[in-house]
Structure formats: structure tokens, C-alpha cells
Amino acid sequence: MNWRLVLWSGLGAAALAATIGAGWILSLPPAPAVAAAPPIAQEETEATIAALKPPKRLRPLIAIIGINDATEATDYLMPYGILRRADVADVEALATEKGPVTLFPVLKVEPQATVADFDARHPEGADYVIVPAMSRDNDPAALQWIRSQAAKGAIVIGVCAGAKVVGDAGLLDGKRATTHWYYLKELRDRHPAIHYVRNRRMVVDRGIATTTGITASMPMSLTLIEAIAGRDKARAVGRDIGLADWDMRHQSDAFAFTRPFALTAIDNTVAFWNREQLGIELKPGVDEVSLALVADAWSRTYRSRAVTFAGTSAPLQTRNGIGIFPDKLATDWPGHRELVAIGNEPPAQALDQALHDIAARYGTRTADFVAMQLEYPRP
């Protein structure tokens with residue numbers, strides 16, 4: 001059993017605790033019946049866009065920071081891939097130290113620079129700093145660098161549980177914010193001066209932005225593109241990634257630690273004899289957004305873990321120029337355990353297809369369980 005994956009998810013320990021007594025399970029709410037979220041007022045949308053306008057450069061500089069030992073895969077790669085695809089800013093994927101960045105729950109990448117390298121080349125700082133979820137919210141190097149960038153005027157964006165990192169950097173006190181549903185209580189307990197905002201996938205307040213769970217970085221990236229280059233450009237990129245329509249609306253009540261969620265976590269965790277390692281062939285030019293979404297989704301079932309394989313151990317360059325290290329050196333994979341290679345379909349469609357395939361392989365409950373972790377409002 002991949003215990004590290006279970007514990008890294010932040011959910012496995014709590015789910016396993018449920019086996020101690022049935023009473024705790026019965027006390028959990030059933031799956032909620034939630035109405036559609038109301039539309040967002042035009043004035044609020046315009047204020048959000050205005051708050052995200054580039055603070056320094058005509059062509060902004062965007063830095064995505066990761067810690068080397070564990071940074072969330074989709075939080076790190078999705079903003080990178082979407083923003084590089086848009087080509088409205090210079091985007092760099094950074095690490096706190098030299099060497100690869102191990103992403104969780106899957107993938108390992110070659111960062112393009114360290115934060116020290118970045119500072120040497122850009123002493124005036126970035127326009128935007130994107131902070132993914134990390135295995136440690138209080139990494140000293142990450143916190144110091146985020147604080148220094150904010151002091152230089154960068155807009156700091158905490159994606160998913162990256163809000164906890166931003167909070168530990170001291171940048172959220174007195175501000176409106178949100179985060180992944182599972183970590184909300186922890187964030188509010190640690191930083192009681194935060195003003196939580198419900199029913200928004202992204203909240204911006206005085207130079208700091210935060211988002212809900214993992215997949216919120218897709219509309220977040222499009223909103224940032226709109227702030228930089230206008231609505232028409234954002235719409236074009238949205239169509240390209242399979243998200244023709246988006247805004248900041250969110251139905252917070254749809255995401256919670258429910259009885260079906262806990263039972264699925266327990267069932268899939270204890271059935272260790274059914275654990276699978278599923279292969280994704282890694283090819284040069286692969287779309288890093290689709291790869292991250294598909295590999296992340298399959299690695300959150302508690303029944304499987306996705307691994308990449310290739311005929312070389314060297315990092316392969318993705319569509320937008322980041323190196324991915326194959327997990328396994330191989331030229332093929334057993335057919336019944338090989339996932340469909342990442343093709344040219346838009347990333348949003350790749351995620352929908354992955355959830356459809358998870359439902360076919362493990363059942364609808366497991367697909368819903370994965371979507372809940374990704375905080376993904378399924379169509």
C-alpha cells in the first residue's frame with residue numbers, strides 16, 4: 001500500500017480513523033443536494049479583474065514557486081501550462097533549491113531556476129507569484145521568498161492549500177480569502193483574522209489572491225489572462241483548453257467531508273490487494289496540463305497510482321518547455337494497466353474523460369471521491 005500517498009492527500013488519516021467506530025460515520029452528512037450557484041454581479045467581476053492588473057510590466061513576469069520535496073502536481077503545472085499557452089506573460093517554474101521538484105501525488109519535474117537564480121536576474125521582483133499547495137506550509141526558504149516578493153509589489157496567488165503557505169507568510173491577516181474545502185478549518189484556526197468568503201472559486205484582496213481546491217487554478221489562470229490581455233484573449237485560451245465559459249462562482253456547500261466520501265476512502269484504502277500501478281507513456285511535447293490532471297486524478301482513487309514511463313531516464317520537454325522525469329524506464333506497459341496516452345484533446349476534456357474512465361473501472365463513487373478531492377464541479 002502506498003501509505004505516503006494516503007497521508008500526503010491530507011485525507012487518508014482522517015478516513016482511516018473512521019474505522020474506529022461506526023457512530024462517527026453515521027454522524028457525517030450524506031451527499032448534499034445543492035442548487036446552482038447564483039451568478040456574480042458584473043461590478044464584482046470588474047473589481048476582480050482590476051485588482052489583478054499587472055502591477056509593474058507591460059508584459060508581466062510570473063513566477064511559480066515549489067519546494068523540492070513535495071509540491072502539488074496540478075497546482076504547479078496547470079497555471080504554468082495555461083499561462084505559457086496564452087503567451088501574454090513570461091512564466092518561470094521555480095524551486096527553493098537546486099535539483100528536481102517531486103510533485104504529489106505524482107510526477108517529478110525539472111524546475112527552470114531556483115529562487116536565488118530568479119532574484120539575481122530579476123532584483124525588482126515578479127509581477128505575480130503563484131503559490132501551490134506544499135507538503136510543508138512553513139518551509140523557511142519559501143516563506144522568506146514569498147514575503148520578499150510581496151514587499152517588492154508582486155501580486156501573490158495562493159492556489160488551493162497554497163493559501164496556508166500564504167497565510168504562514170503573514171500575508172492574509174485581515175484579508176478576504178478562501179482555500180480548498182478540506183483545509184478551510186485549519187486555515188481559519190491558524191489565522192483567525194482571515195475573512196473567509198463562501199461561494200467563490202477565487203478571492204482577491206489588496207494584492208493577495210486565493211482559490212478553492214486544485215481545479216480552481218484553471219479559471220484562476222483564465223481570469224489572470226483576462227486581467228493582463230483582455231476578455232477576448234481569455235476566451236480564446238478558454239476555448240483552447242476546453243473551458244468555453246467560466247467565472248468565479250462556486251457552490252461551497254457541494255464540497256464537504258460526507259459519509260459517502262469517508263466510506264469510499266475507507267473501502268478503497270483497506271482493499272490493498274486491489275491496488276494498481278497504471279502507466280502513462282511520456283512523450284516529448286506532451287501537454288503538461290492534461291498530464292497533470294489525468295495523473296493526479298488516477299492517483300487519488302486510493303485504488304491506483306499513475307506513473308509515467310519512457311525509453312529514456314532523461315527529462316522530456318513538455319509542450320511548453322518544462323522537463324518531466326519518467327518514473328519508470330520502459331518502452332511498453334501491460335495493456336490492461338496502461339492508461340490512454342495524453343493526446344491533443346483540451347485539458348478540461350482530458351479530466352472529464354479520466355473521471356469517466358475511473359467510474360468505469362472502479363465505480364461512480366470513486367469518481368465522485370476523486371472529483372471531491374480536486375474540488376471539481378463536474379458537468
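How much of the accessible surface of the protein belongs to carbon and sulfur atoms?

1. **Surface.** The share is 53% of an accessible surface of about 15000 Å². The areas come from the Shrake-Rupley method with a 1.4 Å probe.

2. **Ground rules.** This is a predicted model: local features need pLDDT of at least 70, side-chain atom pairs count only at pLDDT 80 or more, and totals for chains, interfaces and linings use all residues. Residues are numbered from 1 along each chain as its sequence is written, and side-chain values use heavy atoms, without hydrogens and water.

3. **Overall size.** The C-alpha trace spans about 55 × 50 × 40 Å along its principal axes. Buried residues make up 56% of the 379 residues. Buried means under 20% relative accessible area (1.4 Å probe, protein chains only).

4. **Secondary structure.** The protein has 15 helices and 17 strands. Both are DSSP runs, numbered from the N terminus: helices are H or I with at least four residues, strands E with at least two.

5. **Helix α12.** This helix has 12 residues and reaches 17 Å from its first C-alpha to its last, close to the 16 Å expected. The expected span is 1.5 Å times one less than the number of residues. At the start of α12, a side-chain oxygen of Thr 258 reaches to within 3.2 Å of the backbone nitrogen of Phe 261.

6. **Thr 269.** Look for Thr 269 in α12, residues 259–270. Thr 269 counts as buried because its relative accessibility is 2%. A polar atom of its side chain lies 2.6 Å from the backbone oxygen of Ala 265. Other buried residues of α12 include Phe 261, Ala 265 and Ile 266.

Conventions: Buried means under 20% relative accessible area, exposed over 50%, partly exposed in between (1.4 Å probe, protein chains only). A polar contact is a pair of N or O atoms within 3.5 Å; within protein, one must be able to donate a hydrogen and the other to accept it, and residues adjacent in sequence count only if both atoms are side-chain atoms.
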